[in-house]
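This briefing is for a reader meeting the structure for the first time.

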Amino acid sequence: MIKRIALSLLLAASLAAPVLADVTAGSLVISEPWSRATPPGARVGGGYLTIRNTGSGPDTLVSVASPASEKTELHMMKTEDGVMTMRPVEGGVEIPAGGVLTLEPGGYHVMFIRPKAPFKQGESVPLTLTFAKAGAVDVALTVSPIGAPGPAGKPEMDHSAHGAGQHGSSE
Ligand SMILES: [Cu+2]
């Protein structure tokens, strides 16, 4: 019963507006998952988020998957001889104990290859992150406008509108 209420609240929230709530998986805290709107016919889209490891041992982001694109890869962007290149990451990315891994434009990122439909501002893109220890974690990337430098507005989270107590344990 309680579960059902929580689920319907969650559903209502996700339909109404993007909610930037942290996702906790074991000792990992995943925050600000976001993406960018893609123009029609775009061959790729990007995915970005921050992973904090609050545990006493390292974990590794091993792979990424999404039903939103034909293929989904973890990429690293580098500048070599003045040319921006990117390539799939081999063997995953380690997040040391107490460390932070940020997927962001110009660095590590999730690459959605051949999105099945354009990413639209205000919608969300489902993504599954698989970690060596924490296992598979589902997140939803909030879609910012085309060319946005970061997650929409980076708002201070408004706790007044909902009293469900979904967060507060992460700090
Ligand atoms: Cu890429």
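**Overview and main points**

Thr142 lies in strand β11. Thr142 counts as buried because 21 other C-beta atoms lie within 10 Å. The model in which this residue sits is predicted.

**Confidence**

- The average pLDDT of the chain is 84, and 77% of the residues score at least 70.
- Residues 9-18 have a pLDDT below 50, and this stretch has six contacts in the model beyond near neighbours in sequence.
- Residues 155-171 also have a pLDDT under 50. For residues 155-171 the model has nine contacts beyond four places in sequence.

**Chain as a whole**

- The chain has 171 residues, of which 25% count as buried.
- Among contacts in the chain with a separation of 6 or more, 68% are between residues 24 or more positions apart.

**The largest nonpolar core**

- The largest nonpolar core holds 24 residues. Leu49, Ile51, Leu61 and Leu127 are the members that touch the most other members.
- At least two residues of this core come from each of β2 (28-36), β3 (44-53), β4 (59-65), β8 (100-103), β9 (108-115), β10 (124-131) and β11 (135-144).
- β10 gives the largest share of this core, with four residues.
- Leu49 is in contact with Ile30, Ser31, Glu32, Pro33, Trp34, Leu103 and Val139, when neighbours within four places in sequence are left aside.

**Leu61 in strand β4**

- Leu61 belongs to strand β4.
- Leu61 is classed as buried because it has 23 C-beta neighbours inside 10 Å, and the cut-off for a buried residue is 20 or more.
- Apart from neighbours within four places in sequence, Leu61 is in contact with Ile51, Leu74, Gly92, Val93, Ile95, Leu101, Leu129 and Phe131.
- Leu61 and Ala136 are 75 residues apart along the chain, and their C-alpha atoms are separated by 9.7 Å.

**Strand pairing around β4**

- β4 and strand β7 (residues 93-95) run antiparallel and are joined by three bridges.
- Thr128 in β10 stands opposite Ala65.
- In a regular strand, side chains alternate between the two faces of the sheet.

**His109 in strand β9**

- His109 is part of strand β9.
- His109 is buried because 24 other C-beta atoms lie within 10 Å.
- Not counting residues up to four places away in sequence, His109 touches Gly46, Gly47, Tyr48, His75, Met77, Leu103 and Glu104.
- One of these residues, Gly46, is 63 residues from His109 in sequence, while the C-alpha atoms of His109 and Gly46 are 6.5 Å apart in space.

**Thr142 and Ser124**

- Thr142 and Ser124 are 18 residues apart along the chain.
- The C-alpha atoms of Thr142 and Ser124 are separated by 4.5 Å.

Conventions: Residues are numbered from 1 along each chain as its sequence is written. This is a predicted model: local features need pLDDT of at least 70, side-chain atom pairs count only at pLDDT 80 or more; totals for chains, interfaces and linings use all residues. A nonpolar core is a set of buried Ala, Val, Leu, Ile, Met, Phe, Trp, Tyr and Cys residues joined through C-beta atoms within 7 Å. A residue is buried if 20 or more other C-beta atoms lie within 10 Å of its own, exposed if 12 or fewer, and partly exposed in between; C-beta atoms are placed from the backbone. Two residues are in contact if their C-beta atoms, placed from the backbone, lie within 7 Å. Two strands pair if DSSP finds at least two bridges between them. pLDDT is the predictor's confidence in each residue, from 0 to 100.
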